[in-house]
Amino acid sequence: MSKQVLQGTLDLMVLRTLEAMGPQHGFGLAKRILQVSEGMLDLNQGTLYPALLRLQQRGWIKSRWAVSDNNRKAKYYELTPRGRRQIACEAATWARTVSLMDRFLRNPAASEG
Amino acid sequence: MLGRLLSLVRRRRLDAELADELDFHVERLEAEHRARGLSSDEARRAARLDMGGITRVTEAYRDQHGIPFLETGWRNLRFGMRSLRRTPGVTAAVAATLAVGIGANAAIFALVNGVLLKPLPYPDPDSLVAVNHGMTGTADQLPSAPYLYFTYREENRTFAGVGLWTIRPANITGLDRPEQVQTLYVTSEILPILGIQPMLGRQFSQEDDSPDGASTVLLSYGYWQRRFGGDPSVIGRTLVLDGQLQDVIGVMPRGFRFLDNRIDVIAPFQLDRNQVTLGRYVFPSLARLKPGVTLADATADVSRMVPLAIDRFPPPPGYTRDRFARRPVTPRLTPLKQTVVGNIAGMLWVLMGALGLLLLIACANVANLLLVRTEGRQQELAIRAALGASRRRIAGELLVESTLLGLAGGALGLVLAQQVLYAVRALGPANLPRLEDITLDPVVLLFTLVLSLAAGVVFGVVPALRYANPQLSATLRSGGRTMSDSRQRHRARAALVMVQVAMALVLLVASGLMLRTFQALSRVDAGFVRPEEVQMVRIAIPFGDVPEPERATRMQHAILTRLEAVPGAVSAAFADIAPLDPGNGGSDTVLFVEGGAYAPGQARPLRRFEFISPGFFHTLGIPIVTGRDLTWSDLYDRRLVAVVSENLAREDWQSPAGAVGKRVRASPDDPWREIVGVVGNMRDNGMHLDPPPIVYFPALMDRFWSAPTLSFRSATFLIRSRRTATEGFLRDLHAAVWAVNGNLPLAEIRTLNEAYRRSLARTSFALVMLAMAGGMGLLLGAIGIYGVTAYVASQRTAEIGIRLALGARAGQVRRQFLREGMMLTAAGVMIGLVAAAALTRLMSSLLFGVNRLDPLTYILVTLVLVAVATLATYLPAWRASRNDPIEALRCG
């Protein structure tokens, strides 16, 4: 699989990770996404931080400064109620897309037609 | 969106927060690496590598939190200003070049806009039409006539109003000194048609315009200010106009202009419907169309009415109605604006095209300058690209810089254009109509702004495309020390120079053709000689003072005698109309020739009639080909004589000698008049047109045009003298006239040379403008070639040094540069010749006596251009070849 992040999927990954882990800082998010993707997705920081800002601007997540486990100030991100709704919505869209693509890839008629 | 706007303000804080956040990220990465057993230095390094470029992240983050367009725009603007200030020389050169290019275009556009595009200054100007007529068989245009006016007024279905007007000089006496004023005579409809109310007082009523109405007059704002100091109590006072008392009933508003005519007073026509006969096509007419009516509808309506008019009015004595019914006039309605503007559109568009080319040349030059300047900044750009500036951002900065330059050039250009327009309005070149409408109005300002921005983009896009994406490694590695230029790098500049040369050639050909036209016109035999020695003044003898025609002529004779006695005067004469008067063409009419047979319906050619005193030909220097001049006894004894021009004699009788003794008349019930002399032709319509066939009649005659006695009270006096136009001479002339009658004003004081120059004015204006454009184009083209050669030479200093060190001779080096320069010039010249051959088609209406493909012009222009280009190439080549090889190698 390409290491390039598919446009629009990063947002859902971030939201879903925050949903699963609760409030988390940027470093933690990056690490978690790397883990979950089993090393297939090496997230560029130039993509992650702007994405976090974008999600904040849309009101899906919010941030606050807190003290981290190693006793240092860090910026923590967490889901907003709107962000929670957005996950449901985007997950459904994504599932539809996957099943649609799946049909095209499996069905020989589609590729020959 | 609001959040984004806010973040523009909070940027500094956001940046700091991001830095903290990223620091944290890096620290954690470092900690992990240490945990894996790396030393702290190695861990830090590994963490940095994992992180990628911090700058790049910051940039991406900023793009997300701001409004990229606004913010980068502002940033680019500041950056652009800073970098322009760093190179003041180039900036000034560019701004000045652009100022000339944009200024010239702004000025010519102001002319085009003021003369051609702006609507006339009347309400709803598009429904105003000029009502003219044609006659089958002749191309000439006839104005309207009283019998047509009355019929149109009573029977039309398409006009909201229709009226007649005419302008004549009239004398005003009874004020401190006599004065000749331009008087506009109108029927009562004209001012309401134009939609203009007097500023003070009232308009003409139907009664004012009726033949037994009171004598009333309206003043123009200018005349009211000049003669009455703007006194509002002038209404109700009386003026003596041509010896008649007239009540002042109103003053026109300040901005009022009647079409394109300067007028002082307005008086009602007072036509008597009962006296109107068929014919008399001497009065212009205008009308306002009803809403929704098209020009075609109105034309059809007029066609319908012409036969009605012929039935309705009696023929003049000596004519039959049948004559008019057989050859009815045909309608020729034109939008009023077209009549006012005339045929100047072609010239203005040609000039606009020429100056547009000049601007393109200027842009090419500026693009070249900027290429060189950007080249010098390559290091800087490469470093910034390496540090993470995106291609878009660098291109954006370069474009903003060039746009700033464009705007600066535009602002300077406007200042320049304003000066040009002052001059144009003051000098009134080329008989330009609507001078008052030629201003830097918002439309012109907008045009200039768009032009400046467009110019900025045009010359900015070349360096932006070329350098936005520098080859980092190559540029950085070479450390600014480039050896010879790559061919590819050179190509953009070469193409620009070629285009410049080509366009400069087109402009030079255009101005060359104009110069040849001017030469041809100046060489044309006008008919008269040494026009600078002929003083002209117009004097009108009022009917009120001297009612009898013969007494008026005797007074004119007395004036002539006095004028000839003025010190320095050689001879003097008068004529009803001055030579080269632009209004001459309209008065041409049919001449009946004894024994001349014309098939019914065949058009008789129109001839010009002039009514002259003896000595007219002698004063103007027109040769008498055969026969004799008129004499005073021809006038006073009412001899039935006439003189014709040589071309008329050849047309009707094959030779000048054949004309003498033949007989002609102006209308079928006049007696025949014998031709006693044939004189040389005179180009009375202007030097670019063939001389019209002219019949000269004595200025005092019986039974002419059915009038018992005809004299010409308003006449132009011509005095030949070496002292023309000097103050002393003019004072002597006044004294001579006033010795005869102290009430006579002298008007239209000018020399024949002024009229002659005026007839060439349009050509000389086009010539001056094109010559300036051509000269500037040549100069800019030369600078372009010089710049490129000099730049290439400086880039190749090291190479030249090596070659000189290895034994190449200076001449060889020079020749190489010359060859390259000449290749460019030759290519440019080829393109330019083809373009010129195609483009000069557009200016063929401006040319006279020269073919638009005139080989001499093309060859000379090419030679001049090649010579200048060679010089522009040679100078830098010569300098390069004198390089000291040691010096060159050390510093190159």
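This note goes through the predicted model point by point, from chain A to the interface and then to chain B.

1. Basis of the note. In this predicted model, local features need pLDDT of at least 70 and side-chain atom pairs count only at pLDDT 80 or more, while totals for chains, interfaces and linings use all residues; side-chain values use heavy atoms, with hydrogens and water left out. Residues are numbered from 1 along each chain as its sequence is written, and chains are lettered from A and ligands numbered from 1 in the order in which they are written.

2. Overall make-up of chain A. Chain A has five helices and three strands, where helices (H or I, at least four residues) and strands (E, at least two) are DSSP runs numbered from the N terminus. Read from the N terminus, their order is α-β-α-α-β-β-α-α. Of its 113 residues, 37% count as buried; buried means under 20% relative accessible area, exposed over 50%, and partly exposed in between (1.4 Å probe, protein chains only). Among contacts (heavy atoms within 4.5 Å) between residues of chain A at least 6 apart in sequence, 50% join residues at least 24 apart.

3. Helix 4 of chain A. This helix covers residues 81-106, and its 26 residues should span 38 Å at 1.5 Å a residue. The expected span is 1.5 Å times one less than the number of residues. The end C-alpha atoms are 38 Å apart, which agrees with that expectation. A:Gly83, A:Gln86 and A:Ile87 are buried in this helix, and what covers its buried residues includes helix 1 (9-21) and strand 3 (73-79) of chain A.

4. The interface of chain A and chain B. The two chains bury about 1,900 Å² between them, 57% of it on carbon and sulfur atoms; buried area is the accessible area (1.4 Å probe) that two parts lose on being put together, summed over both. Chain A contributes 21 residues to the contact and chain B contributes 20 residues. Two salt bridges are found across the interface, a salt bridge being a side-chain nitrogen of Lys or Arg within 4 Å of a carboxyl oxygen of Asp or Glu. A:Lys31 forms a salt bridge with B:Glu32, with the closest N and O atoms 2.5 Å apart.

5. The side of chain A that touches chain B. Helix 2 (26-36), helix 3 (45-57) and strand 3 of chain A each supply at least two residues to this side. Helix 3 gives the most, with seven residues.

6. Helix 7 of chain B. Helix 7 (residues 146-155) is mostly covered, as seven of its 10 residues are buried. Among them are B:Pro146, B:Leu148 and B:Phe150. The cover includes strand 1 (128-135), strand 3 (159-173), helix 10 (295-312) and strand 11 (329-335) of chain B.

7. Two buried loop residues of chain B. B:Ser220 lies in the loop between strand 6 (216-219) and helix 9 (221-228), and B:Ser220 is buried, with a relative accessible area of 9%. Leaving aside neighbours within four places in sequence, B:Ser220 is in contact with B:Val251, B:Met252, B:Ile263 and B:Asp264. B:Pro531 is in the loop between helix 18 (487-523) and strand 12 (534-540) and counts as buried at 11% relative accessibility. B:Pro531 and B:Leu752 are 221 residues apart in sequence, yet 5.0 Å apart in space, C-alpha to C-alpha.
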